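Subject: Structure handover

Hello,

Here is the structure we talked about. Please look it over first, then read the notes below it.

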Amino acid sequence: SKILEGFVPEYESTVTSKLWDENAIMLGKLNMDEFAMGSSNETSIYGPAINPWKTQDNNEKLTPGGSSGGSAAAVAADLCLASLGTDTGGSIRQPASFNGVIGLKPTYGRCSRWGIIAFASSLDQAGPITKTVRDSAILLSVISGHDKKDSTSAKKLVPDFEAFLNSDLRGKKIGIPKEYQIDDIPNEIIELWENGMAILRDAGAEIVNISLPHTKYSLPAYYVLAPAEASSNLARYDGVKYGYRSSLKNDGGINELYKRTRSEGFGDEVKRRIMIGTYVLSAGFYEAYYQKALKVQSLISEDFKMAFSSGINAILTPTTPSPAFALNSKIKENPVEMYLNDIFTVPVNLAGLPAISVPTGLSKNNLPLGLQVIGPKWNEQEILNVAYRLEQDANFNYKPEEWWNNK
(Lines give C-alpha, C1' and ligand atoms only; values in the text may rest on other atoms or scores of the structure.)
Protein backbone atom coordinates (compact mmCIF):
# COMPACT_ATOMS: atom_id res chain seq x y z
CA SER A 1 0.00 0.00 0.00
CA LYS A 2 1.22 3.47 -0.79
CA ILE A 3 0.21 4.55 2.70
CA LEU A 4 3.01 2.33 4.10
CA GLU A 5 5.60 3.82 1.76
CA GLY A 6 9.03 3.72 3.40
CA PHE A 7 7.81 1.75 6.41
CA VAL A 8 10.04 -1.06 7.67
CA PRO A 9 8.44 -3.48 10.18
CA GLU A 10 9.85 -3.18 13.68
CA TYR A 11 9.38 -6.84 14.64
CA GLU A 12 9.01 -10.34 13.19
CA SER A 13 5.64 -12.09 13.01
CA THR A 14 5.13 -15.19 15.14
CA VAL A 15 4.47 -17.54 12.21
CA THR A 16 7.64 -16.46 10.40
CA SER A 17 9.63 -16.57 13.65
CA LYS A 18 8.58 -20.20 14.04
CA LEU A 19 9.86 -20.94 10.55
CA TRP A 20 13.17 -19.19 11.24
CA ASP A 21 13.49 -21.28 14.41
CA GLU A 22 13.18 -24.46 12.32
CA ASN A 23 15.96 -23.27 9.96
CA ALA A 24 13.65 -22.40 7.08
CA ILE A 25 15.28 -20.43 4.28
CA MET A 26 13.31 -17.26 3.54
CA LEU A 27 13.64 -16.03 -0.03
CA GLY A 28 11.71 -12.76 0.24
CA LYS A 29 8.31 -11.12 0.41
CA LEU A 30 5.54 -11.69 -2.11
CA ASN A 31 2.99 -9.43 -3.75
CA MET A 32 -0.63 -9.33 -2.62
CA ASP A 33 -3.76 -7.22 -2.77
CA GLU A 34 -3.56 -4.00 -0.77
CA PHE A 35 -4.29 -4.78 2.89
CA ALA A 36 -5.54 -8.19 1.67
CA MET A 37 -8.57 -6.55 0.03
CA GLY A 38 -9.13 -8.19 -3.32
CA SER A 39 -9.56 -11.47 -5.16
CA SER A 40 -7.23 -10.86 -8.10
CA ASN A 41 -4.00 -9.27 -6.79
CA GLU A 42 -4.80 -6.14 -8.82
CA THR A 43 -5.17 -3.72 -5.90
CA SER A 44 -1.46 -3.84 -4.96
CA ILE A 45 0.45 -0.56 -5.33
CA TYR A 46 3.17 -2.60 -7.10
CA GLY A 47 0.77 -3.79 -9.79
CA PRO A 48 -0.56 -7.33 -10.13
CA ALA A 49 1.25 -10.57 -9.64
CA ILE A 50 0.76 -12.73 -12.73
CA ASN A 51 -0.46 -16.30 -12.84
CA PRO A 52 2.21 -18.57 -14.38
CA TRP A 53 -0.55 -20.48 -16.18
CA LYS A 54 -1.90 -19.32 -19.53
CA THR A 55 -4.98 -20.30 -21.49
CA GLN A 56 -4.73 -22.70 -24.37
CA ASP A 57 -6.01 -20.16 -26.89
CA ASN A 58 -4.07 -16.97 -26.22
CA ASN A 59 -1.33 -15.30 -24.23
CA GLU A 60 -3.43 -12.92 -22.12
CA LYS A 61 -2.17 -12.51 -18.58
CA LEU A 62 -4.31 -14.19 -15.93
CA THR A 63 -4.92 -13.28 -12.32
CA PRO A 64 -3.20 -15.44 -9.71
CA GLY A 65 -6.18 -14.81 -7.43
CA GLY A 66 -6.12 -12.90 -4.20
CA SER A 67 -5.34 -11.66 -1.81
CA SER A 68 -2.35 -14.02 -1.45
CA GLY A 69 -1.81 -14.18 -5.20
CA GLY A 70 1.95 -13.72 -5.15
CA SER A 71 2.31 -16.56 -2.64
CA ALA A 72 0.38 -19.03 -4.81
CA ALA A 73 2.03 -17.91 -8.07
CA ALA A 74 5.51 -18.32 -6.59
CA VAL A 75 4.82 -21.92 -5.54
CA ALA A 76 3.17 -22.77 -8.88
CA ALA A 77 6.10 -21.28 -10.83
CA ASP A 78 8.61 -23.34 -8.81
CA LEU A 79 10.20 -20.22 -7.34
CA CYS A 80 9.96 -21.80 -3.87
CA LEU A 81 8.87 -25.00 -2.13
CA ALA A 82 6.17 -23.29 -0.10
CA SER A 83 4.87 -19.90 0.97
CA LEU A 84 2.58 -18.32 3.54
CA GLY A 85 -0.66 -16.45 3.00
CA THR A 86 -3.49 -15.06 5.08
CA ASP A 87 -7.12 -16.03 4.60
CA THR A 88 -9.96 -13.67 5.58
CA GLY A 89 -12.59 -14.82 3.08
CA GLY A 90 -10.71 -17.25 0.84
CA SER A 91 -7.41 -15.48 0.26
CA ILE A 92 -5.32 -18.67 0.56
CA ARG A 93 -7.70 -21.17 -1.02
CA GLN A 94 -8.85 -19.17 -4.06
CA PRO A 95 -5.30 -18.35 -5.27
CA ALA A 96 -4.29 -21.96 -4.61
CA SER A 97 -7.12 -23.13 -6.85
CA PHE A 98 -6.25 -20.65 -9.60
CA ASN A 99 -2.58 -21.73 -9.57
CA GLY A 100 -2.94 -25.47 -9.19
CA VAL A 101 -1.38 -25.76 -5.72
CA ILE A 102 -2.47 -26.70 -2.18
CA GLY A 103 -3.88 -23.94 0.03
CA LEU A 104 -4.75 -24.56 3.70
CA LYS A 105 -6.76 -22.21 5.92
CA PRO A 106 -6.47 -23.43 9.54
CA THR A 107 -9.10 -23.12 12.27
CA TYR A 108 -9.37 -19.54 13.53
CA GLY A 109 -6.97 -19.33 16.46
CA ARG A 110 -4.76 -22.24 15.39
CA CYS A 111 -1.97 -19.87 14.26
CA SER A 112 -0.96 -16.58 15.85
CA ARG A 113 -1.92 -13.36 14.09
CA TRP A 114 0.88 -11.40 15.80
CA GLY A 115 2.78 -9.38 13.21
CA ILE A 116 0.06 -9.65 10.57
CA ILE A 117 -1.61 -6.38 9.58
CA ALA A 118 -5.26 -7.11 10.31
CA PHE A 119 -7.92 -6.83 7.61
CA ALA A 120 -10.75 -8.27 9.72
CA SER A 121 -9.42 -9.36 13.09
CA SER A 122 -12.16 -11.89 13.80
CA LEU A 123 -11.71 -13.67 10.46
CA ASP A 124 -8.00 -13.50 9.49
CA GLN A 125 -5.88 -16.63 9.71
CA ALA A 126 -2.39 -17.41 8.40
CA GLY A 127 -1.74 -20.66 6.57
CA PRO A 128 0.54 -22.48 4.13
CA ILE A 129 0.49 -22.70 0.33
CA THR A 130 2.42 -25.73 -0.89
CA LYS A 131 2.98 -28.19 -3.72
CA THR A 132 1.70 -31.21 -1.77
CA VAL A 133 -0.65 -32.04 1.08
CA ARG A 134 2.27 -33.54 3.02
CA ASP A 135 4.15 -30.23 2.78
CA SER A 136 1.07 -28.40 4.11
CA ALA A 137 0.91 -30.81 7.06
CA ILE A 138 4.59 -30.19 7.85
CA LEU A 139 4.27 -26.40 7.68
CA LEU A 140 1.04 -26.35 9.67
CA SER A 141 2.70 -28.21 12.55
CA VAL A 142 5.51 -25.64 12.56
CA ILE A 143 3.48 -22.42 12.44
CA SER A 144 0.67 -23.51 14.79
CA GLY A 145 0.47 -23.05 18.54
CA HIS A 146 -0.54 -20.66 21.30
CA ASP A 147 1.09 -17.24 21.38
CA LYS A 148 0.82 -15.08 24.49
CA LYS A 149 1.18 -11.99 22.27
CA ASP A 150 -2.11 -12.82 20.48
CA SER A 151 -5.25 -13.06 22.59
CA THR A 152 -7.08 -14.84 19.74
CA SER A 153 -4.58 -17.73 19.49
CA ALA A 154 -5.93 -20.83 21.21
CA LYS A 155 -4.26 -22.94 23.88
CA LYS A 156 -4.51 -26.12 21.85
CA LEU A 157 -1.99 -28.92 21.54
CA VAL A 158 -0.49 -29.08 18.05
CA PRO A 159 -0.52 -32.61 16.58
CA ASP A 160 2.16 -33.93 14.26
CA PHE A 161 -0.08 -33.56 11.23
CA GLU A 162 2.39 -35.26 8.90
CA ALA A 163 2.76 -38.35 11.09
CA PHE A 164 -1.01 -38.88 11.14
CA LEU A 165 -1.59 -38.51 7.40
CA ASN A 166 -3.81 -41.39 6.29
CA SER A 167 -5.63 -41.86 3.00
CA ASP A 168 -7.89 -44.64 4.30
CA LEU A 169 -11.36 -43.09 4.31
CA ARG A 170 -13.41 -46.22 5.05
CA GLY A 171 -16.28 -45.36 7.36
CA LYS A 172 -15.95 -41.62 6.83
CA LYS A 173 -18.98 -39.53 5.91
CA ILE A 174 -18.48 -36.69 3.42
CA GLY A 175 -21.19 -34.04 3.24
CA ILE A 176 -22.30 -32.46 -0.04
CA PRO A 177 -24.23 -29.22 0.66
CA LYS A 178 -27.07 -28.63 -1.77
CA GLU A 179 -26.78 -24.85 -1.29
CA TYR A 180 -23.39 -24.86 -3.05
CA GLN A 181 -25.09 -26.01 -6.27
CA ILE A 182 -25.66 -22.42 -7.32
CA ASP A 183 -27.28 -21.17 -10.51
CA ASP A 184 -25.02 -20.63 -13.52
CA ILE A 185 -22.19 -22.73 -12.10
CA PRO A 186 -20.19 -23.98 -15.13
CA ASN A 187 -20.54 -27.63 -16.11
CA GLU A 188 -16.80 -28.15 -15.74
CA ILE A 189 -17.05 -27.21 -12.04
CA ILE A 190 -19.98 -29.62 -11.56
CA GLU A 191 -18.02 -32.40 -13.29
CA LEU A 192 -14.96 -31.69 -11.13
CA TRP A 193 -17.13 -31.90 -8.00
CA GLU A 194 -18.72 -35.17 -9.14
CA ASN A 195 -15.31 -36.65 -9.90
CA GLY A 196 -14.18 -35.69 -6.41
CA MET A 197 -17.21 -37.43 -4.92
CA ALA A 198 -16.42 -40.54 -6.98
CA ILE A 199 -12.81 -40.58 -5.73
CA LEU A 200 -13.91 -40.39 -2.11
CA ARG A 201 -16.65 -42.97 -2.64
CA ASP A 202 -14.14 -45.39 -4.19
CA ALA A 203 -11.88 -44.76 -1.17
CA GLY A 204 -14.59 -46.13 1.10
CA ALA A 205 -16.23 -42.89 2.21
CA GLU A 206 -20.00 -42.45 2.30
CA ILE A 207 -21.29 -39.46 0.34
CA VAL A 208 -24.14 -37.76 2.21
CA ASN A 209 -26.32 -34.90 0.97
CA ILE A 210 -26.57 -32.17 3.60
CA SER A 211 -28.10 -28.72 3.95
CA LEU A 212 -26.43 -25.50 5.07
CA PRO A 213 -29.52 -23.31 4.74
CA HIS A 214 -27.97 -19.94 5.56
CA THR A 215 -25.16 -20.23 3.00
CA LYS A 216 -26.90 -17.79 0.66
CA TYR A 217 -26.47 -15.02 3.24
CA SER A 218 -22.71 -15.58 3.63
CA LEU A 219 -21.48 -13.03 1.10
CA PRO A 220 -23.78 -10.19 2.22
CA ALA A 221 -22.90 -10.84 5.88
CA TYR A 222 -19.18 -11.02 5.10
CA TYR A 223 -19.18 -7.78 3.12
CA VAL A 224 -20.75 -6.03 6.12
CA LEU A 225 -18.59 -7.54 8.86
CA ALA A 226 -15.20 -7.52 7.14
CA PRO A 227 -15.33 -3.86 5.95
CA ALA A 228 -16.60 -2.81 9.39
CA GLU A 229 -13.54 -4.32 11.06
CA ALA A 230 -11.28 -3.00 8.30
CA SER A 231 -12.51 0.57 8.72
CA SER A 232 -11.56 0.38 12.38
CA ASN A 233 -8.22 -1.38 11.84
CA LEU A 234 -7.10 1.04 9.12
CA ALA A 235 -7.86 4.17 11.16
CA ARG A 236 -4.26 4.09 12.46
CA TYR A 237 -2.88 4.96 9.01
CA ASP A 238 -3.14 8.74 9.11
CA GLY A 239 0.25 10.11 8.01
CA VAL A 240 1.26 11.20 11.51
CA LYS A 241 3.24 8.35 13.03
CA TYR A 242 4.72 6.44 10.08
CA GLY A 243 4.36 5.70 6.37
CA TYR A 244 3.09 8.04 3.67
CA ARG A 245 2.14 11.67 4.40
CA SER A 246 0.51 14.04 1.93
CA SER A 247 2.93 16.64 0.58
CA LEU A 248 0.17 19.09 -0.33
CA LYS A 249 0.21 22.36 1.59
CA ASN A 250 -1.80 21.83 4.74
CA ASP A 251 -4.12 24.77 5.38
CA GLY A 252 -6.86 22.89 7.19
CA GLY A 253 -5.17 21.56 10.28
CA ILE A 254 -4.88 17.95 11.37
CA ASN A 255 -8.21 16.83 9.90
CA GLU A 256 -7.20 18.05 6.46
CA LEU A 257 -3.88 16.20 6.79
CA TYR A 258 -5.74 13.00 7.64
CA LYS A 259 -8.12 13.41 4.72
CA ARG A 260 -5.45 14.16 2.11
CA THR A 261 -3.06 11.47 3.32
CA ARG A 262 -5.69 8.77 3.39
CA SER A 263 -7.22 9.85 0.06
CA GLU A 264 -3.82 9.71 -1.63
CA GLY A 265 -2.39 6.73 0.26
CA PHE A 266 -5.19 4.18 0.01
CA GLY A 267 -6.23 2.54 -3.26
CA ASP A 268 -9.79 2.56 -4.61
CA GLU A 269 -10.79 -0.86 -3.25
CA VAL A 270 -9.49 -0.09 0.25
CA LYS A 271 -11.30 3.26 0.28
CA ARG A 272 -14.46 1.53 -0.90
CA ARG A 273 -14.35 -0.93 1.98
CA ILE A 274 -13.48 1.75 4.55
CA MET A 275 -16.53 3.72 3.43
CA ILE A 276 -18.78 0.64 3.57
CA GLY A 277 -17.44 -0.26 7.02
CA THR A 278 -17.82 3.25 8.38
CA TYR A 279 -21.37 3.39 7.04
CA VAL A 280 -22.55 0.11 8.61
CA LEU A 281 -21.00 1.09 11.98
CA SER A 282 -22.57 4.56 12.02
CA ALA A 283 -25.19 5.40 14.61
CA GLY A 284 -28.16 5.20 12.25
CA PHE A 285 -27.24 1.88 10.61
CA TYR A 286 -25.38 -0.16 13.24
CA GLU A 287 -28.41 -2.24 14.21
CA ALA A 288 -29.81 -2.47 10.69
CA TYR A 289 -26.59 -3.83 9.15
CA TYR A 290 -23.77 -4.74 11.52
CA GLN A 291 -25.78 -6.35 14.31
CA LYS A 292 -27.93 -8.20 11.79
CA ALA A 293 -24.81 -9.51 10.02
CA LEU A 294 -23.49 -10.80 13.36
CA LYS A 295 -26.74 -12.73 13.87
CA VAL A 296 -26.45 -14.21 10.37
CA GLN A 297 -22.86 -15.22 11.14
CA SER A 298 -24.11 -17.14 14.19
CA LEU A 299 -26.71 -18.94 12.06
CA ILE A 300 -24.06 -19.92 9.49
CA SER A 301 -21.82 -21.29 12.25
CA GLU A 302 -24.75 -23.23 13.66
CA ASP A 303 -25.45 -24.80 10.23
CA PHE A 304 -21.93 -26.23 10.13
CA LYS A 305 -22.07 -27.31 13.76
CA MET A 306 -25.28 -29.27 13.14
CA ALA A 307 -23.83 -30.92 10.05
CA PHE A 308 -20.72 -32.11 11.89
CA SER A 309 -22.66 -33.17 14.99
CA SER A 310 -24.82 -35.41 12.77
CA GLY A 311 -21.80 -37.57 11.99
CA ILE A 312 -20.35 -35.80 8.96
CA ASN A 313 -16.53 -35.95 9.05
CA ALA A 314 -15.83 -33.44 6.28
CA ILE A 315 -17.61 -31.41 3.60
CA LEU A 316 -16.63 -31.35 -0.08
CA THR A 317 -17.33 -28.32 -2.31
CA PRO A 318 -15.75 -26.54 -5.26
CA THR A 319 -13.17 -23.91 -4.23
CA THR A 320 -14.10 -21.32 -6.85
CA PRO A 321 -16.94 -20.89 -9.37
CA SER A 322 -14.46 -20.56 -12.26
CA PRO A 323 -10.82 -20.97 -13.26
CA ALA A 324 -8.46 -17.99 -13.26
CA PHE A 325 -9.74 -15.04 -15.30
CA ALA A 326 -7.89 -12.40 -17.27
CA LEU A 327 -6.36 -9.42 -15.49
CA ASN A 328 -8.44 -6.23 -15.82
CA SER A 329 -11.52 -8.23 -16.79
CA LYS A 330 -13.54 -7.62 -13.62
CA ILE A 331 -12.01 -5.15 -11.20
CA LYS A 332 -12.91 -1.93 -13.04
CA GLU A 333 -16.24 -2.87 -14.60
CA ASN A 334 -18.06 -4.31 -11.60
CA PRO A 335 -16.37 -4.76 -8.20
CA VAL A 336 -19.40 -6.68 -6.91
CA GLU A 337 -18.83 -9.36 -9.56
CA MET A 338 -15.34 -9.78 -8.11
CA TYR A 339 -16.83 -10.34 -4.65
CA LEU A 340 -18.86 -13.26 -6.03
CA ASN A 341 -15.61 -15.14 -6.61
CA ASP A 342 -15.51 -15.83 -2.85
CA ILE A 343 -18.93 -17.47 -2.75
CA PHE A 344 -17.63 -20.95 -1.81
CA THR A 345 -14.87 -19.83 0.56
CA VAL A 346 -16.42 -17.09 2.72
CA PRO A 347 -18.75 -19.30 4.83
CA VAL A 348 -15.72 -21.13 6.27
CA ASN A 349 -14.24 -17.89 7.64
CA LEU A 350 -17.53 -16.77 9.13
CA ALA A 351 -17.70 -20.09 11.01
CA GLY A 352 -13.98 -20.13 11.93
CA LEU A 353 -13.46 -23.59 10.41
CA PRO A 354 -10.43 -25.21 8.75
CA ALA A 355 -10.52 -25.80 4.98
CA ILE A 356 -8.11 -26.85 2.26
CA SER A 357 -8.10 -26.46 -1.52
CA VAL A 358 -6.71 -29.31 -3.62
CA PRO A 359 -6.12 -29.11 -7.40
CA THR A 360 -7.98 -32.03 -8.98
CA GLY A 361 -8.48 -31.16 -12.66
CA LEU A 362 -8.18 -28.78 -15.58
CA SER A 363 -10.76 -26.51 -17.22
CA LYS A 364 -11.60 -26.67 -20.92
CA ASN A 365 -8.84 -24.08 -21.44
CA ASN A 366 -6.34 -26.22 -19.50
CA LEU A 367 -6.38 -24.07 -16.36
CA PRO A 368 -6.29 -25.56 -12.83
CA LEU A 369 -9.49 -26.22 -10.90
CA GLY A 370 -9.64 -27.03 -7.19
CA LEU A 371 -11.93 -28.75 -4.73
CA GLN A 372 -12.37 -27.57 -1.14
CA VAL A 373 -12.53 -29.82 1.91
CA ILE A 374 -14.07 -28.27 5.06
CA GLY A 375 -13.71 -29.81 8.51
CA PRO A 376 -14.84 -29.31 12.11
CA LYS A 377 -13.01 -26.84 14.33
CA TRP A 378 -9.55 -27.99 15.45
CA ASN A 379 -9.69 -31.05 13.20
CA GLU A 380 -7.26 -30.09 10.45
CA GLN A 381 -6.14 -33.73 10.42
CA GLU A 382 -9.52 -34.78 9.03
CA ILE A 383 -9.35 -32.46 6.05
CA LEU A 384 -5.66 -33.19 5.45
CA ASN A 385 -6.47 -36.90 5.22
CA VAL A 386 -9.34 -36.34 2.78
CA ALA A 387 -7.19 -33.96 0.75
CA TYR A 388 -4.37 -36.53 0.80
CA ARG A 389 -6.64 -39.10 -0.84
CA LEU A 390 -7.95 -36.60 -3.39
CA GLU A 391 -4.37 -35.67 -4.24
CA GLN A 392 -3.34 -39.31 -4.70
CA ASP A 393 -6.25 -40.36 -6.89
CA ALA A 394 -6.73 -37.15 -8.89
CA ASN A 395 -2.98 -37.25 -9.64
CA PHE A 396 -2.82 -33.57 -10.61
CA ASN A 397 0.78 -33.34 -11.85
CA TYR A 398 0.39 -30.61 -14.45
CA LYS A 399 2.80 -27.68 -14.64
CA PRO A 400 2.47 -24.23 -16.26
CA GLU A 401 5.09 -25.19 -18.86
CA GLU A 402 4.08 -22.47 -21.27
CA TRP A 403 5.01 -19.81 -18.73
CA TRP A 404 8.56 -21.11 -18.62
CA ASN A 405 8.80 -21.30 -22.42
CA ASN A 406 7.73 -17.68 -22.86
CA LYS A 407 9.25 -15.99 -19.80
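First, the cysteines. The structure has zero disulfides (a disulfide being a pair of cysteine sulfur atoms within 2.5 Å). Cysteine 80 takes part in no disulfide, and its nearest cysteine sulfur, that of cysteine 111, lies 18 Å away. Seen from cysteine 111, the closest cysteine sulfur is that of cysteine 80, and 18 Å is too far for a bond. Cysteine 80 is buried, at 17% relative accessible area. Cysteine 111 is buried too, at 1%. Here buried means under 20% relative accessible area, exposed over 50%, and partly exposed in between, with a 1.4 Å probe and protein chains only.

Some ground rules. This is a predicted model, in which local features need pLDDT of at least 70 and side-chain atom pairs count only at pLDDT 80 or more, while totals for chains, interfaces and linings use all residues. Residues are numbered from 1 along each chain as its sequence is written, and side-chain values use heavy atoms, with hydrogens and water left out.

Overall build

The protein has 13 helices and eight strands. These are DSSP runs numbered from the N terminus: helices are H or I with at least four residues, strands are E with at least two. Along the principal axes, the C-alpha atoms fill a box of roughly 70 × 50 × 45 Å. Of the 407 residues, 56% are buried. Contacts (heavy atoms within 4.5 Å) reach across the sequence: of those with a separation of 6 or more, 75% join residues 24 or more positions apart. The accessible surface is about 18,100 Å², and carbon and sulfur atoms own 51% of that. Areas come from the Shrake-Rupley method with a 1.4 Å probe; for residues, only the protein chains shown count as cover.

Isoleucine 207 sits in strand S5 (residues 206–210). Its C-alpha atom is 6.1 Å from that of glycine 175, 32 residues apart along the chain.

Surface patch

Tyr279, Phe285 and Tyr289 make a nonpolar surface patch with about 270 Å² of accessible area together. Patch residues have over 30% relative accessible area and no salt bridge; like charges are joined within 9 Å, nonpolar side chains (Val, Leu, Ile, Met, Phe, Trp, Tyr) within 5 Å. Tyrosine 279 belongs to helix H8 (residues 268–281). Tyrosine 279 is partly exposed, at 39%.

Backbone points to check

Most residues other than glycine have a negative phi, and most peptide bonds are trans. The bond from glycine 66 to serine 67 is cis, with omega near 5 degrees. Serine 67 is in the loop between helix H1 (14–21) and helix H2 (69–76). Asparagine 23 lies in the loop between H1 and H2 and has a positive phi, near 65 degrees. Asparagine 23 is exposed, at 67%. Asparagine 328 also has a positive phi, near 70 degrees. Its loop runs between strand S6 (314–318) and helix H10 (335–339). Asparagine 328 is exposed, at 51%.

Salt bridges

The count is 15, a salt bridge being a side-chain nitrogen of Lys or Arg within 4 Å of a carboxyl oxygen of Asp or Glu. Lysine 399 pairs with aspartate 78, with the closest N and O atoms 3.2 Å apart. This pair links distant parts of the chain, 321 residues apart: lysine 399 is in the loop between helix H12 (380–394) and helix H13 (401–406), aspartate 78 in the loop between H2 and strand S1 (82–87). Lysine 399 is partly exposed, at 38%. So is aspartate 78, at 39%.

Lysine 305 and glutamate 302 form a salt bridge at 3.9 Å, N to O. They are three residues apart in helix H9 (residues 286–309), so about one helical turn separates them. Lysine 305 is exposed, at 53%, whereas glutamate 302 is partly exposed, at 36%. Elsewhere, salt bridges that share partners join Asp78, Lys131 and Lys399 into one network.

Best wishes
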